[in-house]
Amino acid sequence: MKETSGYKASLKSMDTEEHIDLAFYRPIGYMWACLAKRLGITPNAITIASIFLGIGAGVAFYFNDIWINIIGVVLLVWANSFDSADGQLARMTKQYSRLGRILDGLSGDLWFLSIYIAICLRENYTSHFFMAHPWLIWVIAVVTGLCHAKQAAMADYYRQFHLYFLKGEEGSELERAFSLKRKLAKLTWRHNFWQKLTLSFYTNYTLQQEATTPAMSRLRTELSQRFPDGKIPQSFRDAFRKASLPLMKYTNILSFNWRTIALFVAIFLLMPWLYFAFELTVLNVILLMMVWRHERICKRFTQELKDGKY
């Protein structure tokens with residue numbers, strides 16, 4: 001019973017967890033987290049280890065050899081089990097930090113950067129079409145990478161917003177750009193170089209999220225003005241959570257599991273470029289639909305607040 005309780009406590013929430021994660025990655029991540037806890041290994045150390053595993057997967061996908069590609073699949077699955085473990089360990093040991101959040105996001109970016117480069121190099125020596133037009137696959141990769149970054153950022157933003165209403169500030173990593181800017185202004189490049197550098201990237205990341213969600217930003221402003229102490233009525237929290245919950249499945253599709261399934265299929269079909277096509281079409285359509293629906297929800301709740309419903 002103690003182990004089950006500990007495992008459940010290591011999860012973010014059942015609202016935001018995906019079935020594949022619950023069936024596979026979270027149990028494995030929990031075992032890694034328990035081992036790391038006994039050995040005194042920090043969440044950030046696990047995140048850094050996942051970066052090397054993910055980059056190794058990218059290198060393996062460069063080769064037009066099915067057995068080497070299978071090694072790449074194993075490495076990428078291993079990397080993601082570590083990515084699960086670092087968050088679970090942080091929740092188990094209360095070792096939360098903004099640096100950890102930044103590293104966690106950076107790790108996934110570096111995995112896929114290596115994978116994108118591997119696909120481009122591989123297509124330029126295996127595909128007659130891309131051999132004749134070697135620049136084209138790189139252009140496709142850059143555009144796909146920008147779309148990937150936006151998809152992942154918005155999925156994370158909506159999950160954190162949902163967790164804010166479910167668990168409050170302590171259960172969410174939701175921040176405001178203006179607050180980050182104030183913290184950034186207090187740091188100097190001379191005395192706080194690395195801290196200021198990482199916070200600069202994180203502030204820009206948050207600014208981009210807020211720029212994509214004007215209705216959500218207005219709702220957050222309305223809430224802060226009406227409830228400056230942060231004590232949002234439970235009735236509002238429950239109502240927003242109910243409206244937001246159906247969108248969590250889309251945030252999960254835009255995260256790791258489904259995109260890697262598409263990647264593995266494309267690799268095993270010996271047509272890696274299909275993965276770029278999947279991201280540019282299917283995942284972008286889901287992103288647009290998710291943003292549109294969430295903005296509508298936020299507009300509705302903002303109006304209800306103004307009408308005095310809560």
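1. Let's start with Arg 26, which sits in helix H2, residues 19-39. Helices here are DSSP runs of H or I with at least four residues, strands are E runs of at least two, and both are numbered from the N terminus. This is a predicted model, in which local features need pLDDT of at least 70, side-chain atom pairs count only at pLDDT 80 or more, and totals for chains, interfaces and linings use all residues. Residues are numbered from 1 along each chain as its sequence is written, and side-chain values use heavy atoms, with hydrogens and water left out.

2. Is Arg 26 buried or exposed? Arg 26 counts as buried because its relative accessibility is 14%; buried means under 20% relative accessible area, exposed over 50%, and partly exposed in between, with a 1.4 Å probe and protein chains only.

3. Leaving aside residues up to four places away in sequence, Arg 26 touches Tyr 7, Leu 11, Glu 17, Asp 21, Ser 84 and Gln 88. A contact means heavy atoms within 4.5 Å.

4. Now for the whole chain: it has 14 helices and zero strands. Buried residues make up 47% of its 310 residues.

5. Of the contacts with a separation of 6 or more, 77% come from residues 24 or more positions apart.

6. On overall dimensions, the C-alpha trace spans about 65 × 45 × 45 Å along its principal axes.
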